[in-house]
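Dear colleague,

Please find the structure below, together with its sequence. My notes on what was found in it follow.

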Amino acid sequence: MFRYIFKRLIFFIPVLWVIATITFFMVRMAPGDPFSDEKEMTEEVRDRIKAYYGMDQPLWKQYLIYLGVTAKEVNKHRVTFASGEDSKEYRREDVNATLRVTATAEVKTMQGDTQWLARFLDQNTTTNISEVEVFRLERSGLLQGELGPSFKHKGKSVNDIIRESFPKSLELGLYSMAIALFLGITAGAIAALKQNTILDYAPMSFAMAGICLPTFVMGPLLVLVFGLWLEWFPVAGWSAWGGEGFFPEGWPGDRVLPACTLGFFYAAMVARLTRGGMLETLSQDFIKTARAKGLTETRVVVKHALRGGLLPTVSFLGPAFAGIISGSFVIETIFTIPGLGRHFIEAATNRDYTLVLGTVLFYATLILMLNLIVDILQAWLNPRIRAQ
Amino acid sequence: MKRDRLADVKFDEGTSLWKDARRRLFQNKMAVFGLCAFSLVTLLSFVGPSLLPYDHETIDLPYQARPPLSDKHSFVCPNHDYVHLYSVDENCYVCNTPLEPAAIQPARHLMGTDKLGRDLCAAVLRGGRVSLAVGFMATAVSLVIGVIWGAVAGYFGGRVDQFLMRIVDVLYALPFLIFVVLLMVMFGRNFLLLFFAIGFVEWLTMSRIVRAQVMALKNQEFVEAAVALGYGRMRIIFCHLLPNLLGPVIIYTTLTVPAVMLLESVLSFLGLGVQAPDTSWGVLIKQGAEGMEDYPWLLLFPAAFFSLTLFSLNFIGDGLRDALDPKSSKD
Amino acid sequence: MRPFQLIILLSVLCLGMGVGCGKAGEPEDGEGSGELIEKGKQVLRLGNGSEPEGLDPQIVTGVPEHFILAALLEGLLSENPRTLAPEPGVAERWEVSKDGRVYTFHFRADAKWTNGDVVKAGDFAYSYERMLNPEMATKYGYMLHVLKNAKAFNEGTLKDFSEVGVKAVDDRTLVLTLEEPTPYFLQLINHYSWYPVHPPTIKKFGGMTKRDSQWTQPENFVGNGSFRLKEWKLNEHILVEKSPTYWDAAKVRLEKIYFLPISSAETEEKMFRDGQLHVTQTIPLTRIEHYQKKEPEVLRVDPYLGTYFYRVNVNHKALKDKRVRQALAMAVNRYEITRFVMKAGQIPAYYMTPPNTAGYTSRAKFTFDPARARQLLAEAGYPDGRGFPKIDIYYNTSEAHKHVAEALQQMWKTTLHIDVGLFNQEWKVYLDTVNKIKYDVARAGWIGDYNDPNTFLDMWLTGGGNNQTGWTNARYDQLIQEASQASNPSARFEKFQEAEAILLDEMPVIPIYFYVSLSLVKPTVRGWYPNILDHHPYKYIHLE
């Protein structure tokens, strides 16, 4: 068992690498660039901005830099000389800085000196130096765990953005999942046990209604009814726990409507799948055997029927769970939740290359983990799979 | 293709299964209701628009957002033929002379008009064409790929399974939006692309469900018996395992149809999908949702058609599952 | 037994909900469940559109950023909240030379940064150098090109900043020398691209040209405005609080302002009704009629310095004939579009520059005339639309743009009998299409950077970055050039009149309507005055 899990975990690395590679080249091929705007800039400005983010390099090199294999130039400064000036004092605290002289295309490394530019010019009597670039070479990329700076949210790194926004999506996702599992499995199981009675039709009709009402209809509907007409819950927002809450205990009530919107939608799917799976299992021989053995109905249902019947639900839940906890764009937009889900879509529409890659890799890791958990869970639910 | 394989099933498991299934299907009242309702919706979508007095394209701005069954009394300016309004109180906005009543148009808008004064009924029926086509084509694509992929992965297991399932993981993670934009750039605006783009994402979960079911089933006695009889692997997968997977597959398929129809509205947002003034249920519902407080009928009617279709599909799906269940035939 | 269990289950669920609701119901006082507006406190909550790209005045380009920066920083002058006339800001007085080319600003002694430093003339000089530094590659660098030699420095041909027309004579005197007399200069410097930054802070966080510097983070930010940055939570809110170091702090009555990035107009409107916002950024199209009829007291509709128009690709095989372009323009019923599609009182546009922009209104105008449009099309060789190739209308996906495009499609089809398609594109793809002029007809909007006709007319110069139609006209270029050199305001406007007449005759663009700014404002908000730039200086605002 542990060997199996270990093997799967090792497999994560090539899979993530493949995803990173495909995504990297995909976003670069898409039309539009991260810096374009309604008000156009001149080509020079665009080129300089691109150069600032290292996008003037050939694509393969940018790829290697992104992976963290090749070093990139950071903290680049350009020292320019006015005509007639032949030396300039320039102080830098940066150790390990590299110096590039444009006129001669010569690259020199000088270390641990705060006045080295002046010294460099003393030592080199090269004439016609007009420009000197000073930068530090640094490897920081995927291998170092750095996802890079966001192009859109200036001054924020992709790591920061994910760190800030994921907990919010996770919190909401867990509530929704609890609602979905509780309502879905209960309704599905009852419907299967009471097939073709009112107890089957009623919950299944609700489930169908839940499927027919997509979240962008359900959300505003709940907001209208419970937020604006009945005034039970706030219509949107995301307040802190224990802070200026809406409930006496500091329990933030703004979680209720988004969690229900998302929860009901998945509950409907879970209910349908559970019912189907249960029906399948209930007609199998071992259930008849179990009943014949005289086991109580509860035991038959919970221990045997539910275990087998949940198989399709569990297969569905792996990816669905990853989707829920990494946030839903629609829900987070309707309820203005500062979660991760918005970044998935907004990063793509903004062509924020690093943020797209960062969110995709993060989501990929979630998917891989959850599909692994699901495979283990399936083995536990079904002895026949376990044997393999 | 699928039908042929089901025919094989019949040959393997007894001559009366197919006939039995049909009999059982037609005994199921809900399934029959579903079939009728679904046929009606399809018929209305494809034939209905030509029977209506209005088309879905003609914009009539002054007559915008009228509730269902509103009257249509038009007034025109005697000097400017393009000035027509629907209120007696107003004068011509060019020359400010009083308006004169125009010939009354007898036909009312059955479902009211949308925000640009177009007939909603025509739009809903028209939208059905696109939605049904997308719903079926894309679902079929995802069904075929998903079932084959999952069944092969589940049955062979080991390295094959690892390889196939990791591809699924990769595809789950790729950014869909960028993918669609790239497709558009490479192939231009193309309706076939729509099926491909949607099918591309929707088969993944199906394959995982099928894989799990196959893994659970493949060590059961009837499979062992087939192996002992020396049948080929493909034959075992498609003739022996697949019929036993029908339950979850049908259910997940009925869940895929709405997802696909709604995904189409997202693609329309990106410029793939239908282009205005053509429309689809997904697009209509999305637009309706934005004004549900002030113009509820704009949401209500498309949503009603959408739901009716899904409900009936669902009943048909349940009926089919019960009818085709190889285990229940043993009872 | 089983149904019984189910009944229990259901009743527990209902009870749970009931209890939850009961709890939720208690603290309410009828204003809405999400009531976040604190009564009696001077805390303003503003809907602010999308999340700001950043808070570095020399980097950002958007409108949401403007609303926040206007609280955090103050330029040389400030503006009257009603008329936008210049008022003392960091400079307590200023002088203009006779030829209108040299402006001298005298700084007040008590203008301070939030860390206590005095705001010096050198800080502004540093900020302008940063703005114009080619390394910095600022998008709004062109706003400062009115300064002498600024363009050359910005483009890298001039290396020495001391030759640019910015001179800090001493700590309290700044002399700005302009390339040409620029009558709108005092308006222009209220744009945030002219705001100062605190040089020591910039240096501390990576130097003058670091684009993604950390200095804008709340713990690092040093500003000189009436408010200081307190919290910045991505996609959640930006919180600013009253700055005690601000020179006019006695006048500032608000204690805190929350800027909430709410990208969905529907959500914003619901939050406003729920009592979570004082002011919204916009109103969803579907709700306008409701507010016009039922709650006109909270609805604010004010003229706004912007034009909604369509660009025409003048290199297109049919559209290169100006008669065709005129025909397209004349076939659009703008009255119906503004009244029935946009609904909020937008003004039909029959010329490019919004009426009464700094006192300028175009004399040249075209009219809505279907008969003349048909005639022009026939003259161009397409009688009754015969032989006219199919053209596509390109627009970026949005409900309003779609409605306008659909209306235009229908108007052109029925009036001119030509085949028109629609093509919506995702934002960045659309920008790419327009920039590369790969469209036939494309929707566009232009919001003036400052209150002067120049901002609407100089974009159509040959090769201008925002021209994007392929249109060039030597006479037009010359007129705009002459206008910038004219010293006499009325002579200057005459040049603009002539230029705009050429533009409207050539029709590389089809104006549709002039924008209005739309928002919902709670009646408790005082001092929120309408003006053409939608600027609302916070020091005049308070709550009741």
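What percentage of the 544 residues in chain C is buried? The share is 64%, where buried means under 20% relative accessible area with a 1.4 Å probe and protein chains only.

Please note that this is a predicted model, in which local features need pLDDT of at least 70 and side-chain atom pairs count only at pLDDT 80 or more, while totals for chains, interfaces and linings use all residues. Residues are numbered from 1 along each chain as its sequence is written, chains are lettered from A and ligands numbered from 1 in the order in which they are written, and side-chain values use heavy atoms, leaving out hydrogens and water.

Chain C

Chain C contains 16 helices and 18 strands; these are DSSP runs, with H or I over at least four residues for helices and E over at least two for strands, numbered from the N terminus.

Chains A and C

This contact (heavy atoms within 4.5 Å) takes 68 residues from chain A and 69 residues from chain C. The buried area is about 6,100 Å², with 55% from carbon and sulfur atoms; buried area is the accessible area (1.4 Å probe) that two parts lose on being put together, summed over both. In chain A, E38(A), K39(A) and K154(A) lose the most area to chain C, together 12% of what that side buries. Six salt bridges are counted between chain A and chain C, a salt bridge being a side-chain nitrogen of Lys or Arg within 4 Å of a carboxyl oxygen of Asp or Glu. One of them joins R351(A) to E426(C), with the closest N and O atoms 2.8 Å apart.

Chains C and B

Here 33 residues of chain C are in contact with 32 residues of chain B. The area buried between them is about 2,900 Å², of which carbon and sulfur atoms give 50%. On the side of chain C, T286(C), F340(C) and Q410(C) lose the most area to chain B, together 19% of what that side buries. The count of salt bridges between chain C and chain B is six, including that of E293(B) with R287(C), whose closest N and O atoms are 3.6 Å apart.

Yours sincerely

Note on methods
Buried < 20%, exposed > 50% of the residue type's maximum accessible area, 1.4 Å probe, protein only.
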